[in-house]
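Hi everyone, thanks for coming. I'd like to walk you through one model today, so let's bring it up on the screen.

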Amino acid sequence: MIISKKLDLCYRLSFGKMTKWLEGLTKGQAFALKCENCKKVSFPPKKICLCGSKKNNWLKLSGVADVKYKTKGIDGNFAIAKFRGASTSSIVKLQNFNDQETVGEIISSKKSSPSMILKPKGKN
């Protein structure tokens with residue numbers, strides 16, 4: 001037997017240390033974490049560096065990224081991009097890129113759904 005009931009839940013979640021990164025995305029800003037031990041810059045940020053250190057500091061990047069690989073799908077266009085100043089690569093959503101464009105800049109996303117979105121550098 002199956003009983004169908006509507007269930008509404010309202011959560012208030014805290015993102016702790018990652019709040020700065022998520023709030024930055026909603027404003028079109030790129031915040032990364034720089035490891036105090038090995039000096040690697042992770043974007044998206046990692047609370048614990050690959051070297052094992054938990055000591056890190058926030059660093060604001062320019063928001064400019066070099067697109068390495070692109071793919072198109074029914075949910076949109078995506079890419080692996082490396083933000084300038086970061087040691088790591090990121091998966092980003094592309095907005096208004098043509099096949100030849102390989103440099104983008106981060107744009108603001110919705111506050112309710114922070115995400116990494118790139119538009120071609122210099123285009124409005």
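**A lysine in a strand**

Let's begin with Lys119, which you'll find in strand E8, running over residues 117-120. Before we go on, please keep in mind that this is a predicted model.

So, is Lys119 buried or exposed? Its relative accessible area is 16%, and because buried means under 20%, Lys119 counts as buried. And what does its side chain meet there? The side chains of Lys119 and Glu105 are joined by a polar contact of 2.8 Å. If we set aside the neighbours within four places in sequence, Glu105 is one of several residues in contact with Lys119.

Now let's step back to the strands. E8 belongs to a barrel that five strands close, in the order E4-E5-E6-E8-E7, with mixed pairing. From one strand to the next, the twist averages 55°. As a quick reminder, strands of a sheet pair through backbone hydrogen bonds, either parallel or antiparallel.

For a closer look at one pairing, take E4, residues 64-73, and E5, residues 76-83. These two strands run antiparallel to each other, and eight bridges link them. Along that pairing, Lys72 stands opposite Asn77 in E5.

Technical notes:
Residues numbered from 1 in each chain as written. Predicted model: local features only at pLDDT ≥ 70, side-chain atom pairs only at ≥ 80, totals over all residues. Heavy atoms only, no water. Pairing = 2+ DSSP bridges. Helix = DSSP H or I, 4+ residues; strand = E, 2+ residues; numbered from the N terminus. Axes fitted to C-alpha atoms, helices over the stretch in contact; angles between N-to-C directions. Buried < 20%, exposed > 50% of the residue type's maximum accessible area, 1.4 Å probe, protein only. Polar contact = N/O pair within 3.5 Å; in protein donor to acceptor, adjacent residues only side chain to side chain. Contact = heavy atoms within 4.5 Å.
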